Amino acid sequence: MNLESRLKNKTARIGILGLGYVGLPLAMEFCRKGLRVTGFDVSSERVAALRRGKSYVLDVPPLELKKAMAAGLFEAQSRFDRIAACDALIICVQTPLRKSKEPDVSNIVSAAGSVAKRLKKGQLVILESTTFPGATDEIVLPILQNGKRKLGRDFYLAFSPERVDPGNHRFGITNTPKVVGGADRASARLAGEVYSQIVDEVVLVSSTRSAEMVKLLENSFRSINIALVNEMAQICHRLGLDVWEIISAAATKPFGFMPFYPGPGIGGHCIPKDPQLLTWKMKTLNFEPRFIHLASAINGSMPRFTVDRIAEILNRDHKALNGSRILVLGVAYKPNTSDFRESPALDVIQLLTEAKAQVTYHDPFVPRIALDGRRMGSSKLTAEAVKSADCVAILTGHRDIDYAKITRLARRVFDARNVTEGLTRRNLHRL
Ligand code: SAJ
């Protein structure tokens with residue numbers, strides 16, 4: 001019986017390689033629709049935690065995980081033998097950038113190799129990991145072909161960008177259209193069939209390269225527009241204008257405008273990284289994507305701009321940054337998440353420390369950070385801590401913090417996220 005009929009009668013088994021913030025929610029979605037899933041992860045700790053019904057992913061409640069396992073729909077494996085038992089294999093492994101800003105595809109190569117070793121005739125392989133245009137065709141395809149297998153006869157191959165937005169309760173896997181590009185037409189059709197089990201809308205594009213490029217456009221669009229408003233923040237500061245007022249008034253335009261907001265920089269695992277995948281690829285083709293470079297430079301200048309603003313505020317009261325006590329509020333890369341990867345707050349703390357300020361931080365979601373080998377713990381947000389700071393710098397606007405009270409108690413506040421919108425006090429300054 002082929003994949004399509006096994007999907008129709010729910011006897012298909014889906015294999016998911018990489019059980020992180022993309023792979024685990026994806027696995028649960030297939031289970032929710034009655035399909036059996038074998039999840040594979042190289043981390044035996046992760047697999048052991050999942051087997052104990054412990055979820056380490058924000059959007060996967062432990063109860064759902066336990067239910068899926070009790071119903072025999074989900075199993076977690078750190079060994080790859082069960083790959084041969086799967087009808088479709090979806091690779092959701094991390095694709096970090098090396099220090100040299102080159103894409104590190106080692107996880108993709110290793111996952112594709114694990115599949116190739118156990119590939120069964122007729123299996124469909126889908127790559128979801130964000131990568132440069134051509135990676136699926138140039139890296140994954142040859143590994144699966146392995147010099148003897150033929151695409152479309154022995155196996156099928158597609159690319160489909162992940163569009164998971166952790167913590168987003170409005171858009172989840174089901175109601176976010178899924179872009180799919182096949183290495184050949186049969187692969188595109190089959191991958192579309194697999195995703196139609198769990199998403200309302202599948203968007204088929206002409207090739208894997210197109211599908212890879214869609215993701216890079218999405219996230220380059222975001223990085224460039226954030227850079228635009230970050231530059232506007234620097235312009236408005238010099239003009240003595242309130243960039244937040246300007247953006248909110250511009251956002252009243254019901255067409256042709258989409259608000260983005262300035263901040264101390266950009267963080268996370270997508271926006272800082274994904275556009276660099278494109279610049280790297282284009283470098284190999286002797287083309288310089290200037291917009292993407294410029295956006296990265298402007299976004300990257302925001303931690304310094306933030307520190308300069310704090311220094312300016314202290315300077316007005318004849319205080320030097322050197323020796324001043326700065327309390328940073330919020331180090332996660334975006335509100336209400338514990339993820340502080342690439343967070344610009346870390347760059348701001350680093351720069352303040354280099355200027356010999358005495359820096360502490362409070363973040364209810366991030367109990368500890370390590371910076372240049374120095375470990376810091378989140379300090380208690382007491383009235384005393386706020387009052388004794390020479391400046392409180394709000395870098396991430398988590399919920400459940402009484403920012404009005406902070407501005408009443410603090411000597412000086414620098415709000416880089418406009419969480420004090422509507423408050424006006426002499427000691428309050430905004431980006
Ligand atoms: N940021 C700003 N100003 C903005 C928006 C974001 O400074 O107007 C900053 C955030 O503070 C953060 C960084 O940019 O430091 C990235 O923020 P993000 O909202 O883009 O969040 P991410 O990194 O979780 O991006 C994900 C992406 N999702 C996928 O790649 C599947 C992105 O495509 C989504 O558009 C984004 O979530 C989203 O919309 O939330």
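Tutor: Start with α2, which lies across β1 (13-17), β2 (36-40), β3 and β4 (88-91) and runs at about 170° to β1. Contact means heavy atoms within 4.5 Å. Axes are lines fitted to C-alpha atoms, for helices over the stretch in contact, and angles run from 0 to 180 degrees between N-to-C directions. Helices (H or I, at least four residues) and strands (E, at least two) are DSSP runs, numbered from the N terminus.

Student: What sort of model and numbering is this?
Tutor: The model is predicted: local features need pLDDT of at least 70, side-chain atom pairs count only at pLDDT 80 or more, and totals for chains, interfaces and linings use all residues. Residues are numbered from 1 along each chain as its sequence is written, and side-chain values use heavy atoms, with hydrogens and water left out.

Student: In what order do the eight strands of the open sheet come?
Tutor: The order is β3-β2-β1-β4-β5-β6-β7-β8, with mixed pairing. Two strands pair if DSSP finds at least two bridges between them.

Student: Which strands stand at the edges?
Tutor: β3 (74-77) and β8 (202-205) do; each has a single partner strand, so one side of each has no neighbour in the sheet. From one strand to the next, the twist averages 25°.

Student: How many bridges join β5 to β6?
Tutor: Five bridges join β5 (residues 123-127) to β6 (residues 155-159), and the two run parallel. Gln123 stands opposite Phe155 in β6.

Student: Back to α2. At what angle does it cross α4?
Tutor: The axes of α2 (residues 23-32) and α4 (residues 62-70) cross at roughly 55° and come within 10 Å. That makes α2 oblique to α4; angles under 35 degrees count as roughly parallel, over 145 as roughly antiparallel, 65 to 115 as roughly perpendicular and the rest as oblique.

Student: Which residues meet there?
Tutor: Met28, Cys31 and Arg32 in α2 meet Glu64, Leu65 and Ala68 in α4. By class, this contact of α2 with α4 has four nonpolar, no polar and two charged residues. Ala, Val, Leu, Ile, Met, Phe, Trp, Tyr, Cys and Pro count as nonpolar, Asp, Glu, Lys and Arg as charged, and the others, Gly among them, as polar.

Student: And what's the order in the open sheet of five strands?
Tutor: That order is β10-β9-β13-β14-β15, with parallel pairing. β10 (358-362) and β15 (428-430) stand at the edges with a single partner strand each, so one side of each is left without a neighbour in the sheet.
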